[in-house]
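The sequence and the structure are shown below.

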Amino acid sequence: MNSLVTVGGITTPDTQLARKAVSLVHRVHSETMMNHLHRTWWFSEFLGRKRGLKYDREAVYLASLLHDLGLTDEYAADNRFEVDGADAASRFLIAEGYSDSKAQLVWDAIALHSSAGIADRRESEVALVHMGAHVDVMGLRIDEITPGLIDDTLVLYPRLGFKTAFQEALAEIARKKPHTAIGTGLADIGRRHVHGLEIPDVCDLLDHAPFES
């Protein structure tokens with residue numbers, strides 16, 4: 001698939017590294033999840049332009065495409081899926097000659113992409129990946145994007161049952177690594193979708209801390 005795509009007169013970054021990132025996500029993700037990654041970038045780009053932000057477009061593109069590597073069989077490890085994905089992306093980028101400082105920026109954007117109230121206070125690149133992902137997942141800030149741009153993006157990258165597929169992917173992470181769900185939205189997914197799953201409640205952890213009060 002050609003990685004060069006245009007929506008509303010805006011074209012995706014066309015670098016060798018960007019093309020390699022596209023090939024990677026096409027290999028390890030389902031089409032439904034892959035489309036989410038592409039939509040995340042477009043929504044990030046639309047928001048960045050609407051807000052007049054200055055940012056490294058390639059870094060946002062790479063972080064958007066790679067931000068869910070931690071949900072794949074190949075790259076899931078023992079940490080929160082966001083951190084697993086950030087680690088995998090950083091390894092990939094550095095191996096391809098990306099600078100350490102830019103790889104760290106992408107790491108931060110991926111590791112913090114689900115951290116509302118933190119990511120949006122960080123560098124523009126980190127904030128935009130967080131915001132773009134949440135436009136697609138929950139519709140947050142969608143009112144900032146021209147409806148026609150939303151429609152054009154959905155034509156190119158249809159949702160294909162994304163709500164169900166995304167919850168299933170997160171539920172599998174909660175089932176395999178319930179310790180990473182404590183105190184996160186992943187706990188909500190696990191409790192709803194994984195029968196019999198026990199995820200410690202933060203209140204219980206506080207009550208059972210080894211102190212008298």
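My entries on helix packing follow.

**Basis.** I worked from a predicted model, in which local features need pLDDT of at least 70 and side-chain atom pairs count only at pLDDT 80 or more, while totals for chains, interfaces and linings use all residues. Residues are numbered from 1 along each chain as its sequence is written, and side-chain values use heavy atoms, with hydrogens and water left out.

**Entry 1: H3 and H5.** I looked up helix H3 (residues 57-66) and helix H5 (residues 100-111), which pack at an angle of about 45° with their axes 9 Å apart. H3 is therefore oblique to H5 (angles under 35 degrees count as roughly parallel, over 145 as roughly antiparallel, 65 to 115 as roughly perpendicular and the rest as oblique). In H3, Ala59, Ala63 and Leu66 meet Leu105, Val106, Ala109 and Ile110 of H5; contact means heavy atoms within 4.5 Å.

**Entry 2: H2 and H6.** Helix H2 (residues 31-50) packs with helix H6 (residues 124-138) at about 120°, their axes 7 Å apart. H2 is therefore oblique to H6. The contact includes Phe43 and Leu47 of H2 and Leu128 and Met131 of H6. By class, I recorded eight nonpolar, five polar and two charged residues.

**Entry 3: H7.** Which residues of helix H7 (residues 147-156) are buried? I found Leu149, Ile150 and Thr153 to be buried (under 20% relative accessible area, with exposed over 50% and partly exposed in between, for a 1.4 Å probe and protein chains only). They lie on the same side of H7 because they cover an arc of only 105° around the axis. The face turned away from that buried side carries the exposed residues Pro147 and Val155. I noted that the buried residues of H7 pack against strand S1 (6-7) and H2.

Terms used:
Axes fitted to C-alpha atoms, helices over the stretch in contact; angles between N-to-C directions. Helix = DSSP H or I, 4+ residues; strand = E, 2+ residues; numbered from the N terminus. Nonpolar A, V, L, I, M, F, W, Y, C, P; charged D, E, K, R; others polar. Arc of directions from axis to C-beta.
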